[in-house]
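Please read them alongside the structure.

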Amino acid sequence: MSEAHVSDTHLPVAHQFEDEEQQFQSYSLGMWVFLAQELLFFGGLFTAFIVYRHMYFDAFVAAHHKLDWKLGGLNTLILLTSSLTMALGVRTAILNNYKATIGWLLATCALAFGFMGVKYVEYSSKIAHNLWPAGDFVFKQEGIDAGGAQIFYGLYFTMTGLHGLHVLVGILIMGWLVFRIYFKRKEVVDYIPIELTGLYWHFVDLVWIFLFPLLYLIG
Amino acid sequence: MMTEHKMPDIKTYVIVFLALVGLTFFTVYSALNWHVKLGPLDLNIILAIAIACTKAGLVIAYFMNLKNSSKLAKTWAGAGLFFLLIMFVFGLSDFVSRWFTVEGW
């Protein structure tokens with residue numbers, strides 16, 4: 001696996017920075033710091049999941065069988081593909097080929113909408129089957145504690161809901177980037193917002209990589 | 001001033017993507033078909049988490065290009081992981097030790 005060397009990007013340097021390199025490092029650092037706290041934000045929910053899975057093991061296993069792993073798997077493939085299109089979008093932006101960047105960003109957006117569409121199908125089927133934990137929750141199975149299953153669905157909706165919110169925010173940011181590149185092309189000589197959005201989007205993918213096996217496959 | 005910007009080429013991205021897809025199919029297959037237990041340990045969940053960690057590593061190293069990022073960015077990524085582990089280990093050690101009983105207390 002080789003790497004392409006890209007030099008000579010010539011970004012405008014804001015007055016608070018020494019040079020382009022320092023400016024890039026500062027922006028990039030800010031994003032990594034943000035992602036580190038995002039990791040802890042989701043980490044709290046994962047900790048709760050581990051604790052409750054331990055307390056209500058049988059209920060969690062029984063409850064997770066009602067989730068459709070095929071839809072979860074489809075969403076995994078959609079998000080992985082969107083990560084690829086995003087990575088290619090960032091690459092074209094760094095190479096100063098903004099026309100291609102618009103295409104890749106729109107492709108990523110379309111995949112994100114596809115992800116939300118699958119989520120919509122899943123959520124409505126769960127709610128139709130009385131598995132919305134805040135409503136008339138019904139879970140009848142021999143020897144299974146319905147309360148434990150309710151906690152599983154509470155965590156399921158919280159974790160995937162928070163993740164879905166991140167996907168929606170990602171769609172908004174990508175839409176803004178496309179708008180900015182398309183209408184203000186001459187002023188956009190700066191790939192950094194696209195690169196940072198890419199980091200955010202890969203993080204969203206990363207969270208789903210853990211959510212999918214924990215919720216859909218193992219329970 | 002020029003910035004030296006290293007990033008993976010398209011072929012690398014595609015290979016990483018195919019590896020991620022392959023690992024997704026593997027995790028689904030193993031979770032549905034294998035029921036391996038080692039004493040009280042359920043190896044399925046360990047395998048599933050190991051696969052997820054491998055996938056996460058690929059995404060972070062190549063898609064997020066941490067491989068070619070500055071030492072500062074790597075340190076912060078490591079710090080995020082470190083504090084996540086503190087949350088898991090300290091949080092769970094509190095949780096599991098609540099049921100410990102000590103004679104004479």
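1. In this predicted model, helix H3 of chain A runs over residues 69-94, and its 26 residues reach 37 Å from the first C-alpha to the last, which is close to the 38 Å expected at 1.5 Å a residue. Of those 26 residues, 20 are buried, so H3(A) is largely enclosed by the rest of the structure.

2. Both ends of H3(A) have a local feature to check. At its start, a side-chain oxygen of Asp68(A) comes to within 3.0 Å of the backbone nitrogen of Lys70(A), while the helix is followed by Asn96(A), a residue with a positive phi, near 70°.

3. Which residues touch the most other members of the largest nonpolar core? This core has 93 residues, and the ones in question are Phe152(A), Tyr153(A) and Phe63(B). Its largest share, 19 residues, is supplied by H6(A). Domain 1 (1-69) and domain 2 (70-105) of chain B both contribute residues as well, so the core lies between them.

4. Helix H6 of chain A, residues 192-218, includes Thr197(A). Is Thr197(A) buried or exposed? With a relative accessible area of 8%, it falls under the 20% limit and is therefore buried. The side chain of Thr197(A) reaches the backbone oxygen of Pro193(A) at 2.6 Å; leaving aside neighbours within four places in sequence, Thr197(A) is also in contact with Met86(A), Ile173(A), Met174(A) and Leu177(A).

5. Chain B is divided into domain 1 (1-69) and domain 2 (70-105), and the centres of these two domains, taken over C-alpha atoms, are separated by 24 Å. Across the boundary, four residues of domain 1 of chain B are in contact with five residues of domain 2 of chain B.

6. The two domains of chain B bury about 300 Å² between them, with 64% of that area on carbon and sulfur atoms. On the side of domain 1 of chain B, Leu66(B), Lys67(B) and Ser69(B) supply 99% of the area buried against domain 2 of chain B, more than any other three residues.

How values were computed
Residues numbered from 1 in each chain as written. Chains lettered and ligands numbered in written order. Predicted model: local features only at pLDDT ≥ 70, side-chain atom pairs only at ≥ 80, totals over all residues. Heavy atoms only, no water. Helix = DSSP H or I, 4+ residues; strand = E, 2+ residues; numbered from the N terminus. Buried < 20%, exposed > 50% of the residue type's maximum accessible area, 1.4 Å probe, protein only. Polar contact = N/O pair within 3.5 Å; in protein donor to acceptor, adjacent residues only side chain to side chain. Contact = heavy atoms within 4.5 Å. Core = buried A, V, L, I, M, F, W, Y, C linked by side-chain atoms within 4.5 Å. Domains from an automatic or database assignment. Expected span 1.5 Å × (residues − 1). Buried area = accessible area lost by both parts, 1.4 Å probe.
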